[in-house]
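Let's take a walk through this structure together, one region at a time.

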Amino acid sequence: MATVHTPSAPRRRRLATAGFHLGAGTLAVLWLLPIALVLVTSVRSFDDIAAHGLGSRPHSFTLGNFAQAWVDGGQQRALINSLLVTVPTVLVTLALAAMAAFALSRYELPFRRSLLLLMLGGNLLPPQILLIPVSKLSELMGVYDTLPALIGVQIGFGVGFYVFVLHGFMRAIPPEIQQAAVVDGAGPWQIFWRIILPLTRPALAALSALSFTWIFNDLLWAITVLRSDTKMPITAALIGLQGQYVSMWNVIAAGSVIAAAPTVAVFLRFQRHFVAGLNLGAVK
Amino acid sequence: MAVLTTTKSTSPAPAPPRGRRGRGARRTPPLVLAFVLIPLLAEAVWVFWPALQGFYLSLTSWDGVSAPTFVGLDNFREMAGDATFRDATWNTVLWLVLFGGLSAVLGLATALLLQQERRGIGFYRAALFLPVVFSLVATALVWQAIYQPDGVLNQVLESVGLESLRHAWLADRDTALYAVIVPALWRQIGYVMVLYLAGLKGIDPALHEAAKVDGAGPWQRFRHVTLPQLRSVNAVVLSVIVIDSLRSFDVVWSLTRGGPYHSSELLSTYMYSTAFQSLRLGYGSALAVVIFVLAFGVIASYLVRAFREAD
């Protein structure tokens, strides 16, 4: 852009804008390319891919791959399992975390700071240290290879982090609000339910969006406490699909689209909350 | 300080007795106590107790069927002569440096590029962020299609006349680890970018203006204004990266299972296969302890920072 004649200011700005869009646009396209590839592959027929290769222009269109992954590949059952685990886990975890955060942030409990950090610390542990004992523990409790085991461990492992984030949020609520309620004779439950919880809604929304994707996308805990194919959530089922349909990329791609669709939907619907959640989670 | 009891603040503060509060109004209502204890119990059952067991099991030899036998530090001694352990540790370090370092640098770079509010910026940000919501398994499968011997990458190389570079990317010991890092990065950069975007937004524009007036160029402003202002975000990103790196499992497991010949083995995958496939639960626990030790510094500093913030 180093022209001999210095261009006028507006022109230079226009050039800079064009340059920006060129750069950012290229980057965005590069980032979306793998996604586009999967979307395209998922609607191509096997023969088409076999004949022309994965990277070629599509010569066919079919939705049969989705049916195949959904029915024969067991994606339907897996998706149901995933939702059966994810929805209760998100609800229970956030409820428990909100309760603990409320108690720790609004009452002068003994050792509250240590308790808070103990709970956060549990969440920061590398899961590897827990895998073997957790799988044995779930056997001992008779819940090995059942969805409640997965829900239990996800709640126990996740709750500390949400307590910490919500604690930071609830702490910022001015004490006067609560004092007024106490004067009016409100008990802890009313204060929690009527005052603090409604004020915490933005943080809860953000954390719901975030935790939904985290739990939905988990693989490690699932393959640690589950064994039967019929119990596996979508992530593990996708690996199964990969083994079942070796190099049938059309079916595998369709399976990936199915597995990613719920979290993408949550993201697109709650984008603002989502990004807010990530930043809430970062200890500043 | 969000200490909340009605009568607080009126008494001219003789330090309240540690532990139980004496006066009736200060007594914690039982419901509030339950609010803490129930979640704590859930975490104790599923995390604290298993963690203690995990440390103990690392000192045993156990096949998961008969009772574990105590062997002291034998498992750790065995590691010294275990070539796979050495490979996995080296790969984990490499993973930390490459995956961690590149996602921090590129995350910051994209955040700088996309920090200004302008037309179309939302689309660019969303595009970079979108992979963050995919599971690592789905991410892995996407990239497996790219890496296949007859996959997209090789086709592209061929079409631009670089046939010589064609490669079984995931099946070659020399490229497997790097081929696995790329999808992980693809997914992580958007996440780090979002953290940095928030950090950049928090910088007072007056600082940049002042620097500009003093004649600082873009690089100087980045070096002496932006970077120092991002210090706390950097600390967060560092913790996130180290913890995520040491946890990385899904993407490697779905793409290579640590192979070929352990060339993409990380400590996390080695631990998993040792424990659940070779059924050497004692040795697997010892490997988990090594991962814990590596993560400990970061966890501790994260907690210290949280501790300071919590009051």
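Two residues are in contact when their C-beta atoms, placed from the backbone, lie within 7 Å. Keep that in mind as we go, and keep in mind too that this is a predicted model.

With that cut-off in hand, let's begin at Thr110(B). You will find Thr110(B) in helix H3 of chain B, which covers residues 83-113. Once neighbours within four places in sequence are set aside, Thr110(B) is in contact with Leu128(B), Ile189(B) and Met193(B). Is Thr110(B) buried or exposed? A residue counts as buried if 20 or more other C-beta atoms lie within 10 Å of its own. Thr110(B) has 24 other C-beta atoms within 10 Å, so Thr110(B) is buried. For a sense of the distances here, look at Ala184(B) as well: 74 residues separate Thr110(B) and Ala184(B) in sequence, and their C-alpha atoms are 16 Å apart in space.

H10(B) itself runs over residues 231-247, 17 residues in total. From first C-alpha to last, H10(B) reaches 24 Å, close to the 24 Å expected at 1.5 Å a residue. Among the buried residues of H10(B) are Val233(B), Val236(B), Val240(B) and Leu246(B), along with the serines Ser239(B) and Ser245(B).

Now step back to chain B as a whole. The domain assignment divides chain B into domain 1 (52-81 + 280-311) and domain 2 (92-265). Their C-alpha centres lie 30 Å apart, and 6 residues of domain 1 of chain B are in contact with 5 residues of domain 2 of chain B. On the domain 1 side of that contact, 5 residues are nonpolar, none is polar and 1 is charged. From an unreviewed entry, UniProt lists residues 89-304 of chain B as "domain: ABC transmembrane type-1". That span is 73% helix and 0% strand, with its end C-alpha atoms 27 Å apart.

Chain A is assigned two domains as well: domain 1 (9-65) and domain 2 (70-281). In chain A the C-alpha centres of the two domains lie 33 Å apart, and 10 residues of domain 1 are in contact with 8 residues of domain 2. H1(A) gives the largest share of the domain 1 side, 4 residues.

An unreviewed UniProt entry also places the feature "transmembrane region" at several spans of chain A, including residues 79-103 and 203-226. Residues 79-103 of chain A are 100% helix, with end C-alpha atoms 36 Å apart. Residues 203-226 of chain A are 83% helix, and the end C-alpha atoms of this span lie 32 Å apart.

Finally, let's bring the chains together.

The largest nonpolar core has 177 residues, and Ala97(A), Ala100(A), Val163(A) and Leu166(A) have the most contacts inside it.

Key:
Residues are numbered from 1 along each chain as its sequence is written. Chains are lettered from A and ligands numbered from 1 in the order in which they are written. This is a predicted model: local features need pLDDT of at least 70, side-chain atom pairs count only at pLDDT 80 or more; totals for chains, interfaces and linings use all residues. Helices (H or I, at least four residues) and strands (E, at least two) are DSSP runs, numbered from the N terminus. A residue is buried if 20 or more other C-beta atoms lie within 10 Å of its own, exposed if 12 or fewer, and partly exposed in between; C-beta atoms are placed from the backbone. UniProt positions are given in the numbering used here, feature names are shortened, and annotations may be inferred rather than shown by experiment. Domain bounds come from an automatic or database domain assignment. A nonpolar core is a set of buried Ala, Val, Leu, Ile, Met, Phe, Trp, Tyr and Cys residues joined through C-beta atoms within 7 Å. The expected span of a helix is 1.5 Å times one less than its number of residues. Ala, Val, Leu, Ile, Met, Phe, Trp, Tyr, Cys and Pro count as nonpolar, Asp, Glu, Lys and Arg as charged, and the others, Gly among them, as polar.
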